[in-house]
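Hi,

Here is the structure for you to open alongside this note. My findings follow below it.

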Amino acid sequence: MAEAITQENETFTFEPYNAGSDEEYMNPEQEEHFREILLAWKRSLMEEVDRTVHHMQDEATNFPDPNDRATQESEFSLELRTRDRERKLIKKIDEALGRLDEHDYGFCEACGVEIGIRRLEARPTATLCIDCKTLDEIREKQRG
């Protein structure tokens, strides 16, 4: 059964990786699986960026009514904030692709253990195992 990754309003599906019981973690097949996921996600985000640019160019109107103009500016501002979040996500995707190239992908940056295939399928840009991520979130809450 296909799995889906949803970010903002974008969803794309992929076939979950079925690892064999004696299969080495992050072997070339697994790396290729995640490369395909990351590239598809990046492509989807880039298409959304293009749609936004065209929408803003097509819809840009100098409304004589100040309320209409304010509404349009508010809508554009919201779209640009969303695109900025997506730009940051594209940067994380590029970093994950770099870790794949270096064969460091899938290992926790804090403790070095395997992050896990299912966690990476849920969040392909993850850099921390679930334990380190939980500790990170607790520290973040304590800092306020």
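Predicted model: local features only at pLDDT ≥ 70, side-chain atom pairs only at ≥ 80, totals over all residues.

The "binding site" annotation in UniProt, from an unreviewed entry, covers Cys108, Cys111, Cys129 and Cys132; positions there follow the numbering used here, feature names are shortened, and annotations may be inferred rather than shown by experiment.

Residues are numbered from 1 along each chain as its sequence is written, and side-chain values use heavy atoms, leaving out hydrogens and water.

Cys129 sits in the loop between α3 (117-122) and α4 (130-143), while Cys132 is in helix α4 (helices are DSSP runs of H or I, at least four residues, numbered from the N terminus). Cys129 is buried at 6% relative accessible area, and Cys132 is buried at 15% (buried is under 20%, exposed over 50%, partly exposed in between, with a 1.4 Å probe and protein chains only). Leaving aside residues up to four places away in sequence, Cys132 touches Cys108, Ala110 and Cys111 (contact means heavy atoms within 4.5 Å).

There are also eleven salt bridges in the whole structure (a side-chain nitrogen of Lys or Arg within 4 Å of a carboxyl oxygen of Asp or Glu). Asp84 pairs with Arg87 at 2.6 Å and with Lys88 at 3.5 Å. A network of salt bridges links Glu48, Arg51, Arg83 and Glu86.

Best wishes

Notes:
Helix = DSSP H or I, 4+ residues; strand = E, 2+ residues; numbered from the N terminus.
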